[in-house]
Protein chains: 2
Amino acid sequence: MFSTMQDVPLTVSRILEHGSTVHGSSQVITWTGGEPHRRSFAEVGARAARLAHALRGLGVEREDRVATLLWNNAEHLEAYLAVPSMGAVLHTLNLRLAPEQLVWIANHAEDRVLLVNGSLLPLLAPLLPQLPLLEHLVVTGPGDRSVLDGIRPTVHDYEEFLAGHPEHYDWPELDEREAAILCYTSGTTGDPKGVLYSHRSLYLHCLQVNTTEAFALGSGDLALPVVPMFHVSAWGMPHAAFMAGASLLMPDRFLQPAPLAEMIEKLRPTIGAAVPTIWQGLLAELDAHGRDVACLRTVIIGGSACPPALMRGFEERHGIRVVHAWGMTETSPLGTVAHPPAGVTGDEEWRYRTTQGRFPASVEARLIGPDGARLPWDGASAGELEVRGPWIAGAYYGGADGDPQRPDDKFSPDGWLRTGDVGTITPDGYLTLTDRAKDVIKSGGEWISSLELENHLMAHPDVAEAAVIAVPDDKWGERPLATVVLADGATTGHDELRAFLAERIARWQLPERWARIASVPKTSVGKFDKKLLRQRYADGELDVTHLG
Amino acid sequence: MFSTMQDVPLTVSRILEHGSTVHGSSQVITWTGGEPHRRSFAEVGARAARLAHALRGLGVEREDRVATLLWNNAEHLEAYLAVPSMGAVLHTLNLRLAPEQLVWIANHAEDRVLLVNGSLLPLLAPLLPQLPLLEHLVVTGPGDRSVLDGIRPTVHDYEEFLAGHPEHYDWPELDEREAAILCYTSGTTGDPKGVLYSHRSLYLHCLQVNTTEAFALGSGDLALPVVPMFHVSAWGMPHAAFMAGASLLMPDRFLQPAPLAEMIEKLRPTIGAAVPTIWQGLLAELDAHGRDVACLRTVIIGGSACPPALMRGFEERHGIRVVHAWGMTETSPLGTVAHPPAGVTGDEEWRYRTTQGRFPASVEARLIGPDGARLPWDGASAGELEVRGPWIAGAYYGGADGDPQRPDDKFSPDGWLRTGDVGTITPDGYLTLTDRAKDVIKSGGEWISSLELENHLMAHPDVAEAAVIAVPDDKWGERPLATVVLADGATTGHDELRAFLAERIARWQLPERWARIASVPKTSVGKFDKKLLRQRYADGELDVTHLG
């Protein structure tokens, strides 16, 4: 029996219409280095309508991809609202990717129009000859346009592009499952993969972001998304703020500690969102110059684990509560948020706050062990995290390796996302990640965390770096191999390091195989390249000692 | 182009599974008069599974209606979770209705099973012979069962009914548009009408309730739904609390000022929801006995307009912030919540707080004027409020007057709900209701609020009561007729009252027709019966004086 409630789709155009009317006086403030630039939500809404008319004028149709290569600013928000609302697909390009990746992604997405900040033209111009599908370039803000002279796509100035178009657009009534935003993962191996968010997934994610369990945005907030809008929609903050009437402080390209500290002190945002590296730099700046930033009630930190010292530093010295969160491009990204349970204090509170956090109702989670069985939420059993929910990807755009028919092992046969993360979950739903699934050592039906062994080894004063990889073993399937870079001048033996480790981990996890190396090979983004280490081992290039 | 996000339905079973695991240690505390009864969310979840098994054992199938005649308590919450999750439809019966209405509704809904509090058996027993479709009665808590002796439906004791059944149930994967809860409007005229909420509408409504714009429930809250669970799902509070992990304080049948004050002081809820009449009694109790109730950060008041004196009394004398909200059975009910915009203070803040409040993104609103045209949001133009959104009814259960084919004038041709309320909306989306559409006077293409004229008249010291109704007028279509009940001993003339009114309203709104009456006729729920007054006028029973 079906209900008799109205069948109204959840769409970005509703967020746009709501924010620009009911919250029309809320502000988008873009930092410029000089006088901040202010625009009301009503103006942003009117300009979004103009942008949609202008894009229609170029022939942009439903489903067409309109790309952005933009910093966090009011213009980017206008594209966030206009492009999905008109039924086209917003494709946010990550301006930090290597040129060949940018080219690959823009061609794979078949971007027809690209909105770009003038300051990024020197980055973009050399790539244009390799983007044959791109028809139009719309340039925002200052920047030397002469680098585009004689280059193929038609160039428009953003303000001229909008001028003269009506301030209202008759947004089409879309199916909420239609595509709204396309974002590619910045995978360290293989080609990037596109995640295609729907209107429905974005809308539901916004509602969740605005609950007290997550960011609790309200019309009294000034929200500072330091995390880029090309990085999983800035964790949903711009759309959620527009929905709740929370004003936005957009840092544009000023992501260095000094301007961040200045904009926080001057404009007094109440909540921020950032990755640890940016915030680490900010802490040093604040400690050195003692600016007043206590306006920030909360900063959400995600993207990678946040060092507890960073969390304590902000809280104890600057009155800012750092809240840990976990997610990935495939999860929109809100997976968990580490608000502790009510009433816990002291060390217990910190234990909760340094986990990845707790799942909301819309993110169902399960842990799958080495043998494929579902593991209990006992805070001890480690398995690969699989998640399911209305804002979790069910496939990649274009399918696995570009083939929509090919089964993709990133998804379980019953449709759950395999996160590739290994961890534990407490009975009250707090997630702690311990390793990446591809790096975990599968030994006799149990998993050994390479990360845990490495952290213990690197805590030894004589160890500069340590990488632990899985190597084949006749009896156990796999066993850990510890590769160690000693500190300058140190001569510590493998047996001493093994004894050091034995005091800290279970006996069956102790590596038998040890190798000294000159340095740990790194990927282009600075992570340990364990794939290469495993290859070197297979090729017999490592000098392995057997102990125990 | 469809997105590649997972297609996961929004269902009550997800709320149930989430709340009883991630928030398994949150509590449902039911007031008993003596020692409060406590049950964890994990226990509630396990008992909900048992209840579903037991109902399946009775032959309850998908779509079958399972009714409740229960106070707010843990057992009612178990039914709230179990019945929709198993695919059946929960029908909450309003125990305050007249017996003939209860019978009509239970038969119209075709209730097969009824869960009833033992304390309500004396009310129910005499009605049972008129409920031929009812097969099973499940009785919870204490109460004399002997009144059921020899009566037809099979009687079960709730605890025995659950005993022995498994604590897990393999909840079916439902379409989110399937029916979950059925609730009838307590309309003052005509037969009651059923509103059939879907899993989707309930889930979305829960997410909204938990945002800062609405109730902002979080796992640190203890929520007190004083508004009954048979009244529009207690405004979504029980389901929303279960989703957010907010503990619940259930008042059961103890809705009198003294026990309410005692449970608040002892158990320290942080947020409450109630209708003004109940809260008015509580204020008098608090003023008289000075209990410490400052634990309550917020009380949401809805159902009818809250007197500003009541709001100020709670805030100034007891530290409780009263927040006004508006909704109706057809709107789930969250329509507006009167949180003022950020930064406003003093009289301006009070002006916002005494409106009905601001719309959330999921409730689209428009005002339709006397001539059917859409009116601006200028804070002055009064029209009938129409709303649209995913938790707004699109039709009544069974259709208009029981005929699914018949067009229902409660819904506009494009599907919006006609609320029957007349009011204004400010440019920033705050609603102020001024009258019911059926009572408004349509004079020459403009509307005159009967309520406004009555309020002014009743402010005159010599007027005990005044009711203003529309009467036919050859020139203007309709004009107001003021019927007045003078205070004991007063002899004030119509011309004096008209002059009093002339100082307070626009000239064209001044009634020409006046009649003195002995008392204003009332409906069964104590409201002015204007239908009857209009009939008396039509029948020439009123002694009408023409002035001006």
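This is a predicted model: local features need pLDDT of at least 70, side-chain atom pairs count only at pLDDT 80 or more; totals for chains, interfaces and linings use all residues.
Reader: What is the strand order of the open sheet in chain B?

Author: Strands of a sheet pair through backbone hydrogen bonds, either parallel or antiparallel. Strands here are DSSP runs (E, at least two residues), numbered from the N terminus, and two pair if DSSP finds at least two bridges between them. The seven strands of chain B are ordered 7-6-5-3-4-8-9, with mixed pairing. Strand 7 (154-157) and strand 9 (194-198) of chain B each have a single partner strand, so one side of each lacks a neighbour in the sheet.

Reader: How many bridges join strand 5 to strand 6 of chain B?

Author: Five bridges join these parallel strands, residues 113-117 and 136-140 of chain B. One of the pairs is B:V113 with B:H136.

Reader: How many salt bridges are there between chain A and chain B?

Author: A salt bridge is a side-chain nitrogen of Lys or Arg within 4 Å of a carboxyl oxygen of Asp or Glu. Eight are counted between chain A and chain B. One of these salt bridges joins B:R388 and A:E173 (2.8 Å, N to O).

Reader: How many residues does each chain give to the contact?

Author: Contact means heavy atoms within 4.5 Å. Chain A gives 73 residues and chain B gives 73.

Note on methods:
Residues are numbered from 1 along each chain as its sequence is written. Chains are lettered from A and ligands numbered from 1 in the order in which they are written. Side-chain values use heavy atoms; hydrogens and water are left out. Helices (H or I, at least four residues) and strands (E, at least two) are DSSP runs, numbered from the N terminus.
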